[in-house]
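Have the model open and follow the stops in order.

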Amino acid sequence: MISAVDIEPSGAERDLVAQVSDIFSEKGLLSGARNFEYRPEQQQMAVAVAKALHQGDHLVVEAGTGVGKSLAYLVPAILYAVAHKKKAVISTHTINLQEQLTEKDLPMLEKALPEPFKYTMLKGRSNYLCVRRLEKAMQQAESLFTSPESEELKRIFEWSKQTGDGSLSDFEILPDPKVWQQVCSERGLCSPKLCGHKSDYALDNRICFFQRARSRILASDVVVVNHTLFFTLLSGVEEQMDEGILFKNDFVIFDEAHTVETVAAQHIGLNLSNGQIRYALNRLWNPKTKKGLLAVLRRGRAMQLVSDLMDEAVQFFDAVEEACQEMVESGWDKKPIPGGSQFGGAQRARTWGVVRIRRADLVPDNITLPIQRLREELSELIKVTDDKETGQELLEFNRRLGALRDGVAQFLSQSLEEHVYWVDRSGKTSQIITLNAAPVDVAAYLRRRLFETRSSVIMTSATLGTRAPKPAPTVGEEPALPDRGTKQRGGGNQANPLGYFTSRVGASREPALQVGSPFDYRTQMKICVAGKMPEPTAPGYRDSLIQWIEHFTTLTGGKAFVLFTNTRLMQEIAARMDRFFSKLGVSCFVQGTGTPRSLMLEKFKTEQDSVLFGTDSFWQGVDVPGEALTNVILTRLPFAVPDHPLIEARIEQIESRGGNAFSEFSLPEAVLRFRQGVGRLIRTKTDHGIVVVLDNRILTKRYGRVFIDALPECPFEIV
């Protein structure tokens, strides 16, 4: 990294930085808190965050496992937000971290910090009941709902009298989505003007639950949100907002920031399915049940237009599916179907899951005109409807239909620049057909919407760099300052291990800091590499894989994660090793065999001597401290197969400008995933164990050194 110049801090900054530094010191304010222990790495990160906030600067921080990064950003964020009347928006990827922040960390700080502050969790508005819409639905139940749905509406009504916050999380059994959509808060239908006061007919004369939550959010100093909702909300905020990103006068901290690029790409682009269209139209009019909003109005022409549009939509998506099938069959020899293997021609019809669309006008457009005709009819109904609330519902439907029409038109014309287009087929019976478009590179968007604003943006995670951090500062040593990144492509610059991540999220010019872990990996962990291992395509590869897994799981008596990059291979190896694990006396849990991921993980933790076979989602975000996990086996270096259109397009983009896609994209992506997999082992200061790498390319290939440099400093053995 390039060293930053240490600018003499101003008085106000010195006060904030000194206060934060003192709070995290050995005898500071937090020292009396339960389970607190002084960690210089945590203090270093907290001071860096405090400096960035005061200077109105941005910051990217990799904070190793065990640093306690949530407190390291929460304390300076709270103090700065309260002192400057700003709002701290904390965005996480997982529900687990959201709950940790709102149920553990923030309540503890509320008691410990000298400054009083308010905090709340921000949920999507559709999570909340709108009492005004519920009352209206009760009045129109006969026209809107079938008999079972009417009973469900009554259950929601009874629940509304007892609920505390009026959100879905307060249900023991979640309501029917079709009924809930008629009574939840929605844009255009639930506003401060309509619902923000006690109306004459609102249930028990109460203020709408969402408007009450909105008031709490506006009054809070700290708002906790997830990445998905953050980028959904960001897409609806004007780009030229003078101060703030989501709220006026706010700043944003992204935890679990390694997922930001993926989540942002999903929500910046286009996602439109046959199910979405059918669901939206059925709320207007369901030809089978004869229910819907148009049944209330008794408008036959509008009902017929809805029925016609449904028929056209079925034909449209059938045509899309057929066109994709033809593309798959015609390009079978050149582009194998993702996840497929040796299927015969007659069986190929049900094998494709994702197909990239490289040309405009994939199928004839038979759907946007019927959508527009329905919109025009609804516009006429709005003019003649006496019921203001029903008119408001129709207006919102018209807006949504307009968005659906524009989405179909954009997909067919491929009018979104620098986007990649694809169709995917999903669902238990592969009946959900979805049109997708996403930007090949989200860096420009994130730079414009986040890093070129006047609000500070902090990004942090345990794994952002392509190289292990330098040793942590000793007690009394001056901590390293954030380095201002240099604009670069790819992740091969060893001078800046965070360069790959910052380039992907538009933060190449922003200060970056790696904070090491407080764990002593030299005594807690050992790396074992299989010195002789056949290539995956070579005869005997599977036998060797089984041999090594047997050897190392016997060595630790189970207690192992076995991480794969290929689901089919994982399931084959698990089946062949079933008898071995039975003889060894350990349970073997295999991802994708019917048991929910969370339940499988809980069973693994409970049964101390078990083995878990996992793929993608078990390489990161899984926390198993203690004796239950003392062995992590990585079956292969985790290079991603470019079988998804977005990955394929990113590789093409690099190559089109003369770059090296392997060194600039595939290698750094694999190294980050590798570090995440290794990071599953040591979660506390008392954990210990081995990480096994069953891929000797780490020894035989020139790029293997990059993976070795990504490992923590610990014993390394070639077996």
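In this predicted model, helix 21 (residues 541-556) packs against helix 22 at an angle of about 60 degrees. Their axes lie 11 Å apart. The crossing of helix 21 over helix 22 is right-handed. On the helix 21 side, the contact uses Tyr541, Arg542, Asp543, Leu545, Ile546 and Ile549. Helix 22 answers with Leu569, Glu572, Ile573 and Arg576. By class, the residues of this contact are six nonpolar and four charged, with no polar ones.

Now follow helix 22 to the sheet. Helix 22 (residues 567-576) lies across strand 15 and strand 16. Relative to strand 16, the helix runs at about 150 degrees. Both strands belong to an open sheet of seven strands, in the order 15-16-14-17-18-13-19. The pairing in this sheet is parallel. Which strands form the edges? Strand 15 (588-590) and strand 19 (716-718) do, each pairing on one side only. From one strand to the next, the twist averages 15 degrees.

Strand 15 runs parallel to strand 16 (residues 611-614), and three bridges join them. Helix 26 (residues 661-678) lies across strand 13 (525-529), strand 14 (560-563), strand 17 (631-634) and strand 18 (689-693). Its direction is at about 155 degrees to strand 17.

Helix 2 (residues 40-55) and helix 3 (residues 69-84) have axes that come within 8 Å and cross at roughly 35 degrees. This crossing, too, is right-handed. From helix 2, the contact takes in Gln42, Met45, Ala46, Val49, Ala50, Leu53 and His54. From helix 3 come Lys69, Leu71, Ala72, Tyr73, Pro76, Ala77 and Tyr80. The contact residues of helix 2 and helix 3 divide into 11 nonpolar, two polar and one charged.

Next come the antiparallel strands. Strand 7 (residues 354-357) pairs with strand 8 in the antiparallel sense, over four bridges. In this pairing, Ile357 stands opposite Tyr421 of strand 8. Strand 8 also runs antiparallel to strand 9 (residues 432-439), joined by eight bridges. There, Val420 stands opposite Ala438 in strand 9. Strand 8 and strand 9 form a hairpin, with five residues between them. Gly427 in the turn has a positive phi of about 95 degrees.

Why is strand 8 described as largely enclosed by the rest of the structure? Six of its eight residues are buried, so the rest of the structure largely encloses the strand. Arg425 lies in strand 8 (residues 419-426). With a relative accessibility of 7%, Arg425 counts as buried, because the cut-off for burial is under 20%. Arg425 and Trp352 are 73 residues apart along the chain. Their C-alpha atoms are separated by 7.5 Å.

Compare a loop position. Asp165 is found in the loop between helix 7 (147-160) and helix 8 (177-180). Its relative accessibility is 25%, so Asp165 counts as partly exposed. Leaving aside neighbours within four places in sequence, Asp165 is in contact with Lys123, Tyr128, Asp170 and Phe209. Asp165 and Arg212 are 47 residues apart in sequence. From C-alpha to C-alpha, Asp165 and Arg212 are 8.7 Å apart.

Finish with the cysteines. How many disulfides does the model contain? The count is zero. A disulfide is a covalent bond between the sulfur atoms of two cysteines. The rule used here asks for two cysteine sulfur atoms within 2.5 Å. For Cys208, the closest cysteine sulfur is that of Cys190, at 3.4 Å, so the pair is too far apart for a bond. Cys208 is buried, with a relative accessible area of 1%. For Cys714, the closest cysteine sulfur belongs to Cys528, at 9.4 Å, and this is also too far for a bond. Cys714 is buried as well, with a relative accessible area of 16%.

Key:
Residues numbered from 1 in each chain as written. Predicted model: local features only at pLDDT ≥ 70, side-chain atom pairs only at ≥ 80, totals over all residues. Heavy atoms only, no water. Buried < 20%, exposed > 50% of the residue type's maximum accessible area, 1.4 Å probe, protein only. Axes fitted to C-alpha atoms, helices over the stretch in contact; angles between N-to-C directions. Helix = DSSP H or I, 4+ residues; strand = E, 2+ residues; numbered from the N terminus. Left-handed = near helix turned anticlockwise from the far one by under 90°. Contact = heavy atoms within 4.5 Å. Nonpolar A, V, L, I, M, F, W, Y, C, P; charged D, E, K, R; others polar. Pairing = 2+ DSSP bridges.
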